[in-house]
Amino acid sequence: MKGIRLSALAGIGALFALTACAGAPAPEGSAGTQEDVVLRYGMWNVNQEPTFRAIADAFEKANPGVTIEIELTPISEYWTKLQTSIQGESAPDVFWMNHLNLPLYASNGVLAPLDDVIAQEGIDLGEYPEAIMEKYAWEGAQYGLPQDLDTIGLWYSKPLFDAAGLAYPTAEWTWADVEVAAAALTDPAQGVFGIASSVDSQSNYYNTVYQAGVEVLSGDGLRSNWDTPEAEEGIAFWRQFIETGQSPTVAQLAETPAHQLFPSGKLAMYYSGTWNVGPYTDDPALASTVDVAPLPAGAREGVSVNSLVSAVNAKSAHGDVAARFAAFTASEEAAKIRIERQDKAPAFGEMWREWADNSPFALTELYDESLAAAFALPATLNTAEWTSIEVDAMTRIFGGEVPLPEGLSQLTVDVDAVLATGR
């Protein structure tokens, strides 16, 4: 895991009022106390709600008097709702946080550090990937413990490969192999596409841009690298499939996304994350007919690896017990619950191996390959602003509305202007 590399997170800015975090010497709601504590827990993935309900149940059992209420919000609304609730002082006590937003929230006092609970409970930080831990640290304080470990793979339909007489993807595949397979697997008469060129940064184009030889942002985060031959090559890889009819168009994918086309048997291959493991395992047909391989290499290997944490609201009325629950979601016991439910890979120690070995999919090879060639998604204090510009530009570029070189050149100007306003 130590092969994971990260871009530095830095910057200034403020969207929220600065808040203070206070702790008590003895945890609230622990065994032996009289106070009943209700914690609100915010998350966005409905598929993972049963796993987190089981994790919450285990915490409640160990902490009589504590009740955890899970609040689900679709990812499309999650960040807007969270920001509004924070400003209105009605945010959940504990909520999901990713490293893309951590700098903004931590730098403005919205989150409570976990350093006290880490010390009180003797949590061994060495059990977590060091580089991922760094993503959730800010100015010397730790604001989250990695609870899961996502990577991206090439998911494929075995029946469609069999029908085309093609060997299944392997760890040795390159872009050229994807191109050959996409052409062979496309069957317009049956409405089958070889691959999906989705406007998806984490699953698709960040990986191919990196594989072509450049990261999206410069190492210091002060400028973008979109106006480079490598970035153009990484985007051209996806645009070619739309141009040849081997991928649905941008408009078609907006109407029926890849994650819906693939299970229906109308898509032979697509780049996507290990968040599919739970739903696909629960579906006997998919569990037996699809599989996943490491991402094919370009000029070099590379795959985005990511992790979520449970962050604590600095204004929670139950800060200590909230911090203990946040830490529990990333604990060994929580990892065992993930493994039992075949949810997402746990980030604790190397327990992801047990999770992977118990799966119907080739996840052990996927993770071994991914962790050896991992890079982090780019993040700055104003990530949301420049990624919004990026998605709009990529939608036009993938859709053929603007020529590729000109589109990337303008994107560079626009993103650099945002980066100049403060990292």
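Me: Why is Arg53 called partly exposed?

Reply: Arg53 has a relative accessibility of 23%. Buried means under 20% relative accessible area, exposed over 50%, and partly exposed in between (1.4 Å probe, protein chains only); Arg53, at 23%, therefore counts as partly exposed. This is a predicted model, in which local features need pLDDT of at least 70 and side-chain atom pairs count only at pLDDT 80 or more, while totals for chains, interfaces and linings use all residues. Residues are numbered from 1 along each chain as its sequence is written, and side-chain values use heavy atoms, with hydrogens and water left out.

Me: What makes the pair of Asp57 and Arg53 a salt bridge?

Reply: The term requires a side-chain nitrogen of Lys or Arg within 4 Å of a carboxyl oxygen of Asp or Glu. The closest N and O atoms of Asp57 and Arg53 are 3.0 Å apart, so the pair meets the rule. Both residues lie in helix α1 (residues 49–62), 4 residues apart, or about one turn of the helix; helices (H or I, at least four residues) and strands (E, at least two) are DSSP runs, numbered from the N terminus. Asp57 is likewise partly exposed, at 37%.

Me: Why is the pair of Asp368 and Arg353 said to tie parts together?

Reply: The two side chains meet in a salt bridge at 2.8 Å, N to O. Asp368 belongs to helix α17 (residues 363–372) and Arg353 to helix α16 (residues 352–357), so the pair ties together parts 15 residues apart in sequence.

Me: How many salt bridges are counted by this rule?

Reply: The count comes to 10.

Me: What makes a set of residues a nonpolar core, and which members touch the most others in the largest one?

Reply: Such a core is a set of buried Ala, Val, Leu, Ile, Met, Phe, Trp, Tyr and Cys residues joined through side-chain atoms within 4.5 Å. The largest has 136 residues, of which Leu111, Trp226, Ile235 and Met269 touch the most other members. Helix α14 gives the most to this core, with 7 residues.
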